[in-house]
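Let's learn to read a protein structure, one feature at a time.

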Amino acid sequence: MLPIIEHIKSFVLKYRYFLICICVLCVIIIFLLLSNFNNQQDIVQHKGDNIEHFASNDLHSNQTKSSNKDKSTDAKQTTTVFVDLKGAVKRPDLYEMKSTDRVKQLLEKAGVQHDADLSQINLSEKLVDQKVIYIPKKGEVSQPNLSKSLNENNVNKSAKTDNTKINLNLAQELELQNVPGIGSSKAKAIIEYRNENGAFTTVEDLKKVNGIGVKTFEKLREYFIV
């Protein structure tokens with residue numbers, strides 16, 4: 001055992017400078033490897049932060065665009081309409097309302113007389129521009145047809161004014177059925193769309209009516225105005 005130890009000591013003493021250089025070199029290599037590893041970690045973390053930042057910005061941008069689009073759509077769909085209110089109301093007059101308003105909101109604004117017969121009125125109907133609404137008194141029989149007759153007169157005047165074209169916002173079911181290509185079902189669909197969505201803003205809105213496609217619209221567009 002002693003000869004081996006002596007041999008090792010002799011070897012170390014003989015090559016001590018060489019061994020010291022190797023140890024120093026190993027320490028330097030280990031230090032460089034650790035530094036490079038830390039740098040790689042910092043780069044990965046920095047990239048991750050950038051990706052998260054860009055993703056957050058994109059999400060915020062998309063939300064802003066979506067919000068602006070919704071506001072623009074709402075503003076486009078809501079228009080001003082003028083409705084002539086007559087009959088058993090406290091303040092009969094021409095009212096400026098929104099196209100999204102209902103008959104109920106109009107009556108709340110005008111006030112209803114105690115003898116008004118609201119059972120003959122569709123309070124949920126959306127308001128349409130240039131429409132006449134007559135509120136009958138209790139016991140009246142013929143007066144409920146006044147709104148229809150007044151509106152039909154307005155339709156006839158409107159049709160004659162513009163080369164006999166029919167106003168989509170004023171026409172009643174029978175008036176619509178006089179147009180070639182429109183039967184009872186399409187006429188009802190047009191009126192239903194008008195009641196649910198408010199006044200037509202352009203003739204092209206006809207394409208949004210159930211049962212009227214592009215080809216049918218091209219055949220009908222020459223008969224209508226708004």
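Q: What should I know about the model before going on?

A: This is a predicted model, where local features need pLDDT of at least 70 and side-chain atom pairs count only at pLDDT 80 or more, while totals for chains, interfaces and linings use all residues. Residues are numbered from 1 along each chain as its sequence is written, and side-chain values use heavy atoms, with hydrogens and water left out.

Q: Is Leu32 buried or exposed?

A: Use the cut-offs: buried means under 20% relative accessible area, exposed over 50%, and partly exposed in between (1.4 Å probe, protein chains only). Leu32 has a relative accessible area of 53%, so this residue is exposed. Leu32 is found in helix H2, residues 16–77.

Q: How many helices and strands does the chain have?

A: Helices (H or I, at least four residues) and strands (E, at least two) are DSSP runs, numbered from the N terminus. Here the chain has 7 helices and 5 strands. Along the sequence they follow the pattern α-α-β-β-α-β-α-β-α-α-α-β.

Q: What are the totals for the chain?

A: The chain has 226 residues, and 27% of them count as buried. Its accessible surface comes to about 15,500 Å², with 56% belonging to carbon and sulfur atoms.

Q: Which strands form the open sheet, and in what order?

A: First, the rule: two strands pair if DSSP finds at least two bridges between them. The open sheet has 3 strands in the order E2-E1-E3, with mixed pairing. E2 and E3 stand at the edges with a single partner strand each, so one side of each has no neighbour in the sheet. From one strand to the next, the twist averages 35 degrees. Helix H3 (residues 103–110) packs on the sheet and touches E1, E2 and E3. The direction of H3 makes about 130 degrees with that of E2. Axes are lines fitted to C-alpha atoms, for helices over the stretch in contact, and angles run from 0 to 180 degrees between N-to-C directions.

Q: Do I read each pair as parallel or antiparallel?

A: Take the pairs in turn. E1 (residues 80–87) and E3 pair in the parallel sense over 5 bridges. Gly87 has Ile135 as its bridge partner in E3. E1 and E2 (residues 93–98) pair in the antiparallel sense over 6 bridges. Val81 has Met97 as its bridge partner in E2. A hairpin of 5 residues joins E1 to E2.

Q: Which residues of E3 point each way?

A: Lys131, Ile133 and Ile135 point one way, while Val132 and Tyr134 point the other way. E3 (residues 131–135) is mostly covered, with 5 of its 5 residues buried.

Q: Why would charged side chains meet?

A: Side chains of opposite charge can pair when their charged atoms come close. A salt bridge is a side-chain nitrogen of Lys or Arg within 4 Å of a carboxyl oxygen of Asp or Glu. The whole structure has 6 salt bridges. One of them joins Lys104 and Glu108 at 2.5 Å, N to O. Both lie in helix H3, 4 residues apart, about one turn of the helix. Lys104 is partly exposed at 44%, and Glu108 is exposed at 54%.

Q: Which residue forms a salt bridge with Glu125?

A: Lys131 does, with the closest N and O atoms 2.2 Å apart. Glu125 is buried, at 16% relative accessible area. Lys131 is buried too, at 17%.

Q: Which residues are linked in a network of salt bridges?

A: Glu204, Glu218 and Arg221 are linked in this way. Within it, the closest N and O atoms of Glu218 and Arg221 are 3.5 Å apart.

Q: Which residues does Ala187 touch?

A: Contact means heavy atoms within 4.5 Å. Ala187 touches Glu173, Leu176, Gln177 and Ile182, not counting residues up to four places away in sequence. Ala187 is found in helix H6, residues 184–197. Its relative accessibility is 0%, so Ala187 counts as buried.

Note on methods:
Areas by Shrake-Rupley, 256 points an atom, 1.4 Å probe, with all protein chains shown as cover.
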